Amino acid sequence: PQRPPDYETENRALAKLVDALAQSPQTILQTLADTLLEIFKADSAGMSLVTEDGKDFYWAAIAGAWSPHLGGGTPRDFGPCGDVLDCNQPSLFKHWEWRYPYLAEATPLAEEGLLVPFSVGGKAVGTIWTIAHSDSRKFDAEDLRQLESMARFASAAYQTVQLLTVEQASRAALENMEAAARSKQLLEAIIETTPECIKVVAPDGTLLQMNAAGRQMVEARDAKDVEGAYVLDLIAPEFRDFWQERHQRVCGGEKQSWEFDIVGLNGARRHMETHASPIRLPDGMVAQLAITRDVTKRHQDDEKIRESEHRFHQLLQALPAAV
């Protein structure tokens, strides 16, 4: 079944996960599982990873009713996670203990399970999943879309954890410094390739960082065109005071969501939706970390609907006089 996309929930979840990856990368897999449980309103959620020998899956992070099964797993060649990776596509399972009898021990039983695979460097490494333990929760196409979006983040989180494992095994200070540099580069690469606009704005409105998706929105050729500039220069004049007031709230420690118009470097106007959170920089300054989406088409469609409703009401008011 289909339902309208819930971009607000998705954006808030991504903002939370990006912040968690920066602040507490060592616990990011469990944070991801907790986030999946929350946004999908599931009974259980988690991540399964392929073991080094490639023969099994182990449940690396679980939230919800199946939490006691953390560390358990399924065979690679006879299990739902293995089937999903073999097909390389998401799958919806119902009563999977009928096909895999050993899953009858994973209580409570799963009424439905939605699984999505994720890869690193073209190699399949695991799945993320959400579970409904009763028939009161049915997964739909929007759940699948959002879970696929979370799977892209899962790939980045997995790489970060793998990198941290290498770092923990290293004892030399120089090796630790090099590993930290690689972590920073990896995080920057994740931000740069995320399809949503991610930007960091200083309290004075200076744009500290903007990824490729954001630069495309404002028609910038490269980072030099925007970084160090004032965000207000890109905001439509009638939205500047409103944007500045919300920005100050974020830098004061509040989370905020709002919509506004931007005017790109080539003059194109777009309607944007943003979800912003405060983030503390290494120098102690609190800045705005925002995930922004271009919702121009949705805004235009809403305007057309409002105009049609207005004309309809005008027609209704004119009918008695005409009669």
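Trainee: What should I keep in mind about the model and its numbering?

Mentor: This is a predicted model, in which local features need pLDDT of at least 70 and side-chain atom pairs count only at pLDDT 80 or more, while totals for chains, interfaces and linings use all residues. Residues are numbered from 1 along each chain as its sequence is written, and side-chain values use heavy atoms, with hydrogens and water left out.

Trainee: Why is the pair of aspartate 140 and arginine 3 called a salt bridge?

Mentor: A salt bridge is a side-chain nitrogen of Lys or Arg within 4 Å of a carboxyl oxygen of Asp or Glu. For aspartate 140 and arginine 3 the N to O distance is 2.4 Å, so the pair meets that definition. The two residues come from distant parts of the chain, 137 residues apart, with aspartate 140 in the loop between strand 6 (123–132) and helix 4 (141–169) and arginine 3 in the segment before helix 1 (7–23). Helices (H or I, at least four residues) and strands (E, at least two) are DSSP runs, numbered from the N terminus.

Trainee: What makes aspartate 140 count as buried or exposed?

Mentor: Buried means under 20% relative accessible area, exposed over 50%, and partly exposed in between, with a 1.4 Å probe and protein chains only. Aspartate 140 has 15% relative accessibility and therefore counts as buried, whereas arginine 3, at 34%, counts as partly exposed.

Trainee: How do you know that arginine 145 and glutamate 10 form a salt bridge?

Mentor: Their side chains meet at 2.8 Å, N to O, and this pair also links distant parts of the chain, since arginine 145 lies in helix 4 and glutamate 10 in helix 1, 135 residues apart. Glutamate 10 has a relative accessible area of 2% and is therefore buried, while arginine 145, at 24%, is partly exposed. Both residues belong to a network of salt bridges that also links Glu142, Glu196 and Arg293.

Trainee: Why are arginine 270 and aspartate 294 described as partly exposed?

Mentor: Arginine 270 has a relative accessible area of 23%, and is therefore partly exposed; aspartate 294, with 32%, is partly exposed as well. Their side chains meet in a salt bridge of 3.2 Å, N to O.

Trainee: How many salt bridges are found in the whole structure?

Mentor: The search finds 21 salt bridges, in a protein that has 8 helices and 11 strands and in which buried residues make up 46% of the 323 residues.
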